[in-house]
Amino acid sequence: MSNLTSRLTVFMASDLGVEQEALMGTFQGKTQSVAFHYYPPCCHPDKVIGITPHHDGLGLTLLLHVDDTPGLQVRKNGRWYPLNPLPGAFVINVGDILQILTNGTYKSAEHRVLADAEKGRATVVMFQDACVAGVVKPLPELGEATYKAIDNVEYVKGNFRALAEGTRFVDSLKIM
(Lines give C-alpha, C1' and ligand atoms only; values in the text may rest on other atoms or scores of the structure.)
Protein backbone atom coordinates (compact mmCIF):
# COMPACT_ATOMS: atom_id res chain seq x y z
CA MET A 1 0.00 0.00 0.00
CA SER A 2 2.92 2.33 0.74
CA ASN A 3 4.32 1.66 -2.73
CA LEU A 4 0.96 2.37 -4.35
CA THR A 5 0.62 5.61 -2.36
CA SER A 6 4.11 6.64 -3.48
CA ARG A 7 3.30 5.91 -7.11
CA LEU A 8 0.06 7.89 -6.89
CA THR A 9 1.81 10.89 -5.33
CA VAL A 10 4.37 10.89 -8.17
CA PHE A 11 1.54 11.27 -10.70
CA MET A 12 -0.21 13.88 -8.57
CA ALA A 13 3.00 15.90 -8.11
CA SER A 14 3.50 15.93 -11.87
CA ASP A 15 -0.09 17.06 -12.37
CA LEU A 16 0.36 19.82 -9.78
CA GLY A 17 3.68 20.96 -11.25
CA VAL A 18 5.61 20.42 -7.98
CA GLU A 19 8.67 18.34 -7.20
CA GLN A 20 7.82 14.69 -6.54
CA GLU A 21 9.59 14.80 -3.18
CA ALA A 22 7.44 17.72 -2.03
CA LEU A 23 4.22 15.73 -2.20
CA MET A 24 5.69 12.29 -1.49
CA GLY A 25 7.33 13.65 1.65
CA THR A 26 3.96 14.60 3.10
CA PHE A 27 2.98 10.90 3.14
CA GLN A 28 6.27 9.11 3.85
CA GLY A 29 6.57 7.80 7.39
CA LYS A 30 3.07 8.93 8.32
CA THR A 31 0.42 6.81 9.97
CA GLN A 32 -1.40 4.17 7.98
CA SER A 33 -4.38 2.26 9.29
CA VAL A 34 -6.27 -0.63 7.77
CA ALA A 35 -9.89 -1.61 8.33
CA PHE A 36 -12.00 -4.51 7.15
CA HIS A 37 -15.63 -3.47 6.63
CA TYR A 38 -18.46 -5.95 6.36
CA TYR A 39 -22.03 -4.91 5.62
CA PRO A 40 -24.42 -7.86 6.08
CA PRO A 41 -27.47 -8.27 3.83
CA CYS A 42 -30.40 -6.23 5.07
CA CYS A 43 -34.02 -7.12 4.40
CA HIS A 44 -34.99 -3.43 4.63
CA PRO A 45 -32.22 -1.57 2.74
CA ASP A 46 -34.57 1.37 2.17
CA LYS A 47 -34.70 1.97 5.96
CA VAL A 48 -30.97 1.86 6.77
CA ILE A 49 -27.69 3.12 5.40
CA GLY A 50 -24.40 1.22 5.59
CA ILE A 51 -22.28 4.33 6.20
CA THR A 52 -23.70 7.83 6.29
CA PRO A 53 -22.49 10.44 3.78
CA HIS A 54 -19.04 11.77 4.71
CA HIS A 55 -15.66 12.96 3.42
CA ASP A 56 -12.52 11.12 4.47
CA GLY A 57 -10.48 13.27 6.82
CA LEU A 58 -6.95 12.02 6.14
CA GLY A 59 -4.76 12.22 3.03
CA LEU A 60 -5.66 9.24 0.87
CA THR A 61 -7.99 6.27 1.19
CA LEU A 62 -7.35 3.10 -0.80
CA LEU A 63 -10.33 0.74 -0.90
CA LEU A 64 -10.41 -2.80 -2.27
CA HIS A 65 -13.74 -4.54 -2.83
CA VAL A 66 -13.54 -8.14 -1.60
CA ASP A 67 -16.70 -9.13 -3.49
CA ASP A 68 -18.91 -7.81 -6.27
CA THR A 69 -21.70 -6.39 -4.09
CA PRO A 70 -22.42 -2.76 -4.98
CA GLY A 71 -23.22 -0.09 -2.42
CA LEU A 72 -20.50 2.57 -2.56
CA GLN A 73 -21.78 5.85 -3.96
CA VAL A 74 -20.16 9.23 -4.55
CA ARG A 75 -21.96 12.58 -4.70
CA LYS A 76 -21.32 14.99 -7.55
CA ASN A 77 -23.36 18.13 -8.19
CA GLY A 78 -25.95 17.05 -5.64
CA ARG A 79 -26.57 13.63 -7.21
CA TRP A 80 -25.43 10.19 -5.97
CA TYR A 81 -23.58 7.94 -8.43
CA PRO A 82 -22.79 4.25 -7.81
CA LEU A 83 -19.20 3.01 -7.98
CA ASN A 84 -19.63 -0.58 -9.02
CA PRO A 85 -16.88 -2.95 -7.87
CA LEU A 86 -14.23 -3.97 -10.40
CA PRO A 87 -12.35 -7.18 -9.51
CA GLY A 88 -8.82 -6.40 -8.33
CA ALA A 89 -9.21 -2.63 -8.74
CA PHE A 90 -8.68 -0.07 -5.98
CA VAL A 91 -10.96 2.88 -5.37
CA ILE A 92 -8.82 5.88 -4.44
CA ASN A 93 -10.43 8.63 -2.37
CA VAL A 94 -8.83 12.02 -1.93
CA GLY A 95 -9.17 13.01 1.71
CA ASP A 96 -9.54 16.45 3.27
CA ILE A 97 -5.83 16.67 4.14
CA LEU A 98 -4.86 16.09 0.51
CA GLN A 99 -7.39 18.76 -0.47
CA ILE A 100 -5.55 21.17 1.84
CA LEU A 101 -2.05 20.04 0.73
CA THR A 102 -2.99 20.66 -2.91
CA ASN A 103 -4.51 24.05 -2.05
CA GLY A 104 -7.90 22.82 -3.25
CA THR A 105 -6.74 21.48 -6.62
CA TYR A 106 -7.82 17.98 -5.59
CA LYS A 107 -11.17 17.81 -3.81
CA SER A 108 -12.27 15.35 -1.17
CA ALA A 109 -15.27 13.39 -2.44
CA GLU A 110 -18.41 12.93 -0.37
CA HIS A 111 -19.44 9.28 -0.36
CA ARG A 112 -21.69 6.78 1.40
CA VAL A 113 -22.44 3.06 1.46
CA LEU A 114 -25.93 1.63 0.94
CA ALA A 115 -27.02 -1.75 2.25
CA ASP A 116 -27.97 -4.58 -0.12
CA ALA A 117 -31.08 -6.70 0.45
CA GLU A 118 -29.61 -9.99 -0.76
CA LYS A 119 -25.83 -10.00 -0.39
CA GLY A 120 -23.27 -8.89 2.16
CA ARG A 121 -20.53 -6.49 1.12
CA ALA A 122 -16.91 -6.62 2.24
CA THR A 123 -14.05 -4.18 1.70
CA VAL A 124 -10.50 -3.68 2.89
CA VAL A 125 -9.66 -0.02 3.42
CA MET A 126 -6.30 1.66 4.02
CA PHE A 127 -6.24 5.21 5.35
CA GLN A 128 -3.02 7.21 4.81
CA ASP A 129 -2.24 10.28 6.90
CA ALA A 130 -0.18 13.18 5.54
CA CYS A 131 1.29 16.48 6.74
CA VAL A 132 4.23 18.84 6.25
CA ALA A 133 6.58 18.63 9.27
CA GLY A 134 3.66 17.98 11.64
CA VAL A 135 1.48 20.70 10.10
CA VAL A 136 -1.51 20.36 7.77
CA LYS A 137 -1.09 23.16 5.23
CA PRO A 138 -0.92 23.75 1.49
CA LEU A 139 2.36 22.96 -0.22
CA PRO A 140 4.30 26.25 -0.45
CA GLU A 141 5.13 25.50 -4.11
CA LEU A 142 1.45 25.99 -4.98
CA GLY A 143 1.42 29.72 -4.35
CA GLU A 144 -0.72 31.71 -1.97
CA ALA A 145 -2.40 29.44 0.58
CA THR A 146 -6.18 29.12 0.42
CA TYR A 147 -6.27 27.12 3.70
CA LYS A 148 -4.95 28.03 7.15
CA ALA A 149 -2.07 25.96 8.50
CA ILE A 150 -2.87 23.85 11.57
CA ASP A 151 -0.90 21.45 13.74
CA ASN A 152 -1.68 17.85 12.71
CA VAL A 153 -2.85 16.87 16.21
CA GLU A 154 -5.20 19.87 16.33
CA TYR A 155 -6.44 19.02 12.84
CA VAL A 156 -7.37 15.49 13.92
CA LYS A 157 -9.20 16.80 17.02
CA GLY A 158 -11.07 19.41 14.97
CA ASN A 159 -11.95 16.88 12.29
CA PHE A 160 -13.46 14.42 14.80
CA ARG A 161 -15.35 17.23 16.54
CA ALA A 162 -16.79 18.43 13.22
CA LEU A 163 -17.69 14.87 12.22
CA ALA A 164 -19.70 14.48 15.44
CA GLU A 165 -21.43 17.81 14.72
CA GLY A 166 -22.20 16.90 11.11
CA THR A 167 -19.96 19.62 9.65
CA ARG A 168 -16.71 19.64 7.68
CA PHE A 169 -13.62 20.88 9.52
CA VAL A 170 -11.79 21.58 6.27
CA ASP A 171 -14.35 24.29 5.52
CA SER A 172 -13.37 26.15 8.71
CA LEU A 173 -9.74 26.26 7.51
CA LYS A 174 -10.59 27.90 4.17
CA ILE A 175 -9.17 31.42 3.83
CA MET A 176 -11.85 33.67 2.39
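Q: Why is glutamate 154 called partly exposed?
A: Buried means under 20% relative accessible area, exposed over 50%, and partly exposed in between (1.4 Å probe, protein chains only). Glutamate 154 has a relative accessible area of 37%, so it is partly exposed. This is a predicted model, in which local features need pLDDT of at least 70 and side-chain atom pairs count only at pLDDT 80 or more, while totals for chains, interfaces and linings use all residues. Residues are numbered from 1 along each chain as its sequence is written, and side-chain values use heavy atoms, with hydrogens and water left out.

Q: What makes the contact between lysine 157 and glutamate 154 a salt bridge?
A: A salt bridge is a side-chain nitrogen of Lys or Arg within 4 Å of a carboxyl oxygen of Asp or Glu. For lysine 157 and glutamate 154 the N to O distance is 3.4 Å, so the pair qualifies. The two are three residues apart in helix α4, which means about one helical turn separates them.

Q: How many salt bridges does this rule give?
A: The count is four. One of them joins arginine 168 and aspartate 96, at 2.6 Å from N to O. This pair links distant parts of the chain, 72 residues apart: arginine 168 is in the loop between α4 and α5, and aspartate 96 is in helix α3.

Q: Is aspartate 96 buried or exposed?
A: Its relative accessible area is 2%, which is under the limit for buried, so aspartate 96 is buried. Arginine 168, at 24%, is partly exposed.

Q: What does the salt bridge between aspartate 68 and lysine 119 tie together?
A: The closest N and O atoms of aspartate 68 and lysine 119 are 2.9 Å apart. Aspartate 68 lies in the loop between β3 and β4 and lysine 119 in the loop between β7 and β8, so the pair ties together parts that are 51 residues apart in sequence. Aspartate 68 has a relative accessible area of 54% and is therefore exposed, whereas lysine 119, at 36%, is partly exposed.

Q: Why does the charged end of lysine 174 count as sitting over the ring of tyrosine 147?
A: The rule asks for NZ of Lys or CZ of Arg within 6 Å of the ring centre and within 35 degrees of the ring normal. The charged end of lysine 174 is 4.8 Å from the centre of the tyrosine 147 ring and sits over that ring.

Methods:
Helices (H or I, at least four residues) and strands (E, at least two) are DSSP runs, numbered from the N terminus.
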